[in-house]
Amino acid sequence: MVGSPGVTVRADARTSAGTGSPSAAPSRGRRRLSPRLLIPLGTTIGLLGLWELFARTGVLPDEVPPFTDIVSWLVDQLGDPAFWTSVRQTVWQWFAGLVIGGVVGIVLGVTIGAVPFVQRLLNVPLEFLRPIPAIVYLPLLILVLGSRPQTAILLASLGAFWPLLFQSIYGVRAIDQQAIETGKVFGLSKRQRLWYIMLPSLLPYLATGVRIASSLALIVAVSIELVGGVPGLGADMAAASQNGLYDAMYGLLLVSGILGLLLNAVLERTEKRLLRWHVSHRVVNT
Amino acid sequence: MTVAERTRIVGVSLIVPVVLIVLWWVLSADSTSAFYPSLSSILTSFKDTWLFSRVGSDVVPSLIRFGLGYLLAVFLGIFFGVLFGRLRLLDLAFQPTVQFARSIPATGLVPVSITLMGIGNAPKIWLIGFVCMFPILLNTIDGVRGIERGLEDVARTFRLTRRQRIFRIQLPSAAPQIFAGMRISLAFAFIMMIVTEMVGATSGIGFVTLNAQQSFQVPLMWAGMILLGLLGAFLNIVFLLVERRVLSWHYRSTGRIQ
């Protein structure tokens, strides 16, 4: 669950055998680098080109503007402070939700994982509440708190809470008891055991949790902006589509996708840095 | 485990839910707050609305859209997953497109689907299908690629046809991973069902619930939230039962190894 480094290596080996191309095996490395980049790049440009062509020639409905129109709308926006305010609002709601929900989830998860009685006490209600998505609580929160950023943050933190809760429960349970006993024998203090044994064992689980929680928090934040009218990219999208500003609608969608990619990339990099000692990130000797 | 022990464990696990519900009932009993009506009035509203006067007009349409969208996602995800898993060139070519499409916060696509296809059933089903396809797609690709070499070689030795290899070898051995993706997709399908009904719809549980909030029918809003919560929990249980049944061979075989 925490990463499967073996898969890609094996898949590579099989392709060269499966296609039976004679040059595939020896030429791996420098020469294979260029098609690996060119093929996806070419396909993507080709797809965008087709979109442009179909939109310009009227094959696609009027509601789908040509791709270049969307890009030029986006370029115009880059100088507009209102656009950046929306981006900032969405990112802030995502971030605050992730931090609040994450901290609560981790604290509760570690407690549940470490204290069996608490686990027995809370197991049934948590298993029942877990599959209920945060969006279900939206009508109540809008009613009680109104369409304010705080509402979006609260809901986003609820979205981020669940993955981190369960990942930390699993993580605490996976801590090797023998390693702790060994630590005791070597006279490590309680704090040292926590810092040098438990935390490193917990971290990979938390990293996975943070990644899931992050994408959920972003989805929840955009949803509540869209449905509840909380200011942010989602609200702009709703306004654009209601007013028939299709360039803006697709442009904002593009921005939200880039935002998703960017946030994910940042988290992955941080994970790699923090966990470079861990098996799933070590470079396998081949 | 003795009977006494088991009863004690069940007893402990029921403490919190029972206490919470009793507390809710007692504390809200003579509530005058507009936001937090008494639990009894919520339950009355629940009975009046969902048992069963709006089942045909709202619950069934919601579930049909959810179910069809989810089936579409499973079909598309497995189909393209096997395709991309076996043909690496195709996977490579479409990787940027797939990665970008799945990075879009899914609910952001709701306005687009409304613009393109209106507020009927079709856009909702297609949108659920599209969004929920990605977890299944990516897991199927991984699962199909992770097949043991030995198994592939045996299939080749016995000269299984391509079709037999896909249906007898590749799909079954990727099944545990496909189900993991399907479980993620289930949660997404449920979210998308609710959001598509909240933004552009004239029927559905999400529509009734948000509409109740906007028209200040607070007990009805609470009743809608409770129904959505129960439904989410219920769908999850159904999924786990189906998974256990379909993958029973897998659990048995891994259990034997342990």
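Let's start with A:Pro81, which sits in helix α4 of chain A; helices here are DSSP runs of H or I with at least four residues, strands are E runs of at least two, and both are numbered from the N terminus. The model is predicted, so local features need pLDDT of at least 70 and side-chain atom pairs count only at pLDDT 80 or more, while totals for chains, interfaces and linings use all residues. Residues are numbered from 1 along each chain as its sequence is written, and chains are lettered from A and ligands numbered from 1 in the order in which they are written.

Is A:Pro81 buried or exposed? A:Pro81 has 8 C-beta neighbours inside 10 Å, so it counts as exposed. (Buried takes 20 or more other C-beta atoms within 10 Å of a residue's own, exposed 12 or fewer, partly exposed anything in between, with C-beta atoms placed from the backbone.)

Now look at helix α10 of chain A, residues 233-242: eight of its ten residues are buried, so the rest of the structure largely encloses it. Among the buried ones are A:Leu233, A:Asp236 and A:Met237. Their cover includes α4, α9 and α11 of chain A, together with α5 of chain B. Just after α10(A), A:Gly244 takes a positive phi of about 70 degrees.

What about the two chains together? Here 50 residues of chain B are in contact with 46 residues of chain A, contact meaning C-beta atoms, placed from the backbone, within 7 Å. On chain B's side, the elements giving two or more residues include α1, α4 and α5 of chain B. α4(B) gives the most, with ten residues.

Terms used: Contact = placed C-beta atoms within 7 Å.
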